[in-house]
Number of protein chains: 2
Amino acid sequence: MVSGFPSLRCEAADLVIELSSTPKPKPDVIPFGTVFTDHMLTIEWNASEGWQAPLIKPFGNLSLHPATSSLHYAIQLYEGLKAYRGDDNKLRFFRPMLNLKRMSNTAKRACLPAFDESEFLECIRRLVETDQDWVPNSDSASLYIRPTFIATEPALGLRKPGSALLYVILCQVGSYFKNKAEPLSMWADPKYTRAWKGGTGDCKMGGNYGCSLFPQYEAEEHGCQQALWLYGEDHQITEAGTMNLFLHWINEDGEEELATPPLDGIILPGVTRLSVLELTRKWGEFKVTERYLTMSQLCLALKQQRVKGMFGSGTASMICPIGHIVYQGEVRDSSRPTEDTNSLAKRLGNKLNS
Amino acid sequence: MVSGFPSLRCEAADLVIELSSTPKPKPDVIPFGTVFTDHMLTIEWNASEGWQAPLIKPFGNLSLHPATSSLHYAIQLYEGLKAYRGDDNKLRFFRPMLNLKRMSNTAKRACLPAFDESEFLECIRRLVETDQDWVPNSDSASLYIRPTFIATEPALGLRKPGSALLYVILCQVGSYFKNKAEPLSMWADPKYTRAWKGGTGDCKMGGNYGCSLFPQYEAEEHGCQQALWLYGEDHQITEAGTMNLFLHWINEDGEEELATPPLDGIILPGVTRLSVLELTRKWGEFKVTERYLTMSQLCLALKQQRVKGMFGSGTASMICPIGHIVYQGEVRDSSRPTEDTNSLAKRLGNKLNS
């Protein structure tokens, strides 16, 4: 870093590591995101000095000014990615630059400062290396990496933050949902909207998630596990809970198709979503399409038994088969009792986990 | 509080006060929301024990777990209200229960726990009393009160928080905008949307504000101070920056009218908005209407010189006259160079400040 100028990059070469003197025991099976590893990565930024030296330090609380704009105006964003331990005992990230590029896009939308994605990834690598004993030796579990970026501006005027904190915490992840074997039940009601044109639905800003919680509990009141998010007068199907959505069906033209809504501004450009699209396009076994899907199209297809399976995709949850959908007071069952029900979801889940 | 049961109310009778040993000097003129008083109010809640005893303590940083869901999923909300020092030297709040009722509504939408509004107000009264020397002795300045409510759940799974913190900080407020005398210039572009049906636009959740920051800076790039938020295909005018919006005009039927968009789910039910409606209805000098207003209606009225004035209303900003609007590449001037331009805004501003 050139002295006297703000540092425009966060640089891995400046990384300082302070090791914990009290490492924790590694838990066996735990609910997702409740027990964290021994260390965390923090990188501070302020408008006058730019990026400060990255620091790996013992996991601990943040000290935040009570007026900090991440707590009042949700000037905050996050990412989720994973590191796996291979059969060769080596650690590998799953497509980390896709997450970090999306994080950069979200930072721009949130008016948080730009950071160098490669340098940041190198710091994350060093953090994972520091806590490498936490990466499970398992086919079904991995290390979940949560980069977080928050404004720390200690003032109530709504403006571009003059200070910010980029930090990373780690935890083990097995199955995101409590009962992984069971297909998810979804509640589809047009009265709630996850995201809208001209909003932030294509970014991973915190605000997208806080507003989804109430509908999620209304879904539970209707006996469902997740909300199926609809959009517009024609009840387009957009996302499933916090996941992207895929429909594997025989479409209106009689073609076998795997379809997911297009990235038109209200859909999160999921890394797992992209991986599913790339993988199935490579297979070339059926048509793979980014297209609008409406509830009336889906209901007709269910009635005509043209649905082969639906599933959600996400980093924490991977591939989650969708069972029934409650819509307009009726239960619509997407899981036909045939042998190949949602076989694509199982196949993709296995492939992406391997 | 009955021992062994969660406390369902936050109770003012349990209030503990720890006084600061290092009170700060009171500043003269400062930017809004940068210098805070000597004390703050905190009330902790958790699902197993309910509300804890309210505490007034020296102003200081919060210690938050790095996974806390207010920082990742914006499970957070705030309110803004004011206390004035009257000519009789007594302190008065401006309609505080309206803010606290709205806060309760927002808490419900955010899946944060219910609290007793009257007990909470009593705790706020005690905080203001503790820092009463900070309430300006001025017609043009007052004490701004910022209740904040955040999830403190230290876990990454997106769910109803099991712990939360309700807190209040105070600062002096004079003029919210730097140059109060100048009417605000607004940038109206349909490419950004502040809020959507089925979203949280009628609540004061943090996420509503974080997503408005980028458009706000794009407004500045277009030479304007604030974004004028449009909605839908017909470019309805909804809000002005973080304020409710009023149009004082001769309407299509030749009637003098004060109009503001109705509370249809995308408009914040502002306390100042309500006060303007009540006050002008009491005056009975012109028609006062909650109705949809589109940009084409406004542009036609501007062309026909039927606009008497536009202004924004909000707690921090009070009544702010709107000058010109940039829309579809053209500057539309809402301030006619006549003597009574925006005289209603001035009159309301004086009345609400008195």
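How many salt bridges are there between chain B and chain A? The count is zero, where a salt bridge is a side-chain nitrogen of Lys or Arg within 4 Å of a carboxyl oxygen of Asp or Glu.

This is a predicted model, in which local features need pLDDT of at least 70 and side-chain atom pairs count only at pLDDT 80 or more, while totals for chains, interfaces and linings use all residues. Residues are numbered from 1 along each chain as its sequence is written, chains are lettered from A and ligands numbered from 1 in the order in which they are written, and side-chain values use heavy atoms, with hydrogens and water left out.

**Stop 1: both chains**

**Stop 2: the interface**

Select the residues in contact (heavy atoms within 4.5 Å). There are 64 in chain B, touching 63 in chain A. The two chains bury about 5,100 Å² between them, 63% of it on carbon and sulfur atoms; buried area is the accessible area (1.4 Å probe) that two parts lose on being put together, summed over both. Colour B:P66, B:L71 and B:L156, which supply 13% of the area that chain B buries against chain A, more than any other three residues.

By class, the side of chain B that touches chain A has 36 nonpolar, 20 polar and eight charged residues. Elements that each supply at least two residues to that side include α2 (96-109), β9 (142-151) and β10 (163-173) of chain B. Helices (H or I, at least four residues) and strands (E, at least two) are DSSP runs, numbered from the N terminus.

**Stop 3: strands across and within chains**

Select β5 (residues 62-64) of chain A: three bridges join it to β5(B), and the two run antiparallel. Strands pair if DSSP finds at least two bridges between them. Here A:L62 stands opposite B:L64.

Now move to β4 (residues 55-58) of chain A, which pairs in the parallel sense with β1 (residues 16-17) of chain A over two bridges. A:I17 stands opposite A:I56 in β4(A). Strand β2 (residues 39-46) of chain A is joined to β4(A) by four bridges and runs antiparallel to it. A:T42 has A:L55 as its bridge partner there.

**Stop 4: a salt bridge in chain A**

Over all chains, the structure holds 32 salt bridges. For one of them, select A:E255 and A:K287, whose side chains meet at 3.1 Å, N to O. A:E255 lies in the loop between β14 (243-250) and β15 (256-260) of chain A and A:K287 in strand β16 (residues 287-290) of chain A, so the pair ties together parts 32 residues apart in sequence.

Note on methods. Nonpolar A, V, L, I, M, F, W, Y, C, P; charged D, E, K, R; others polar.
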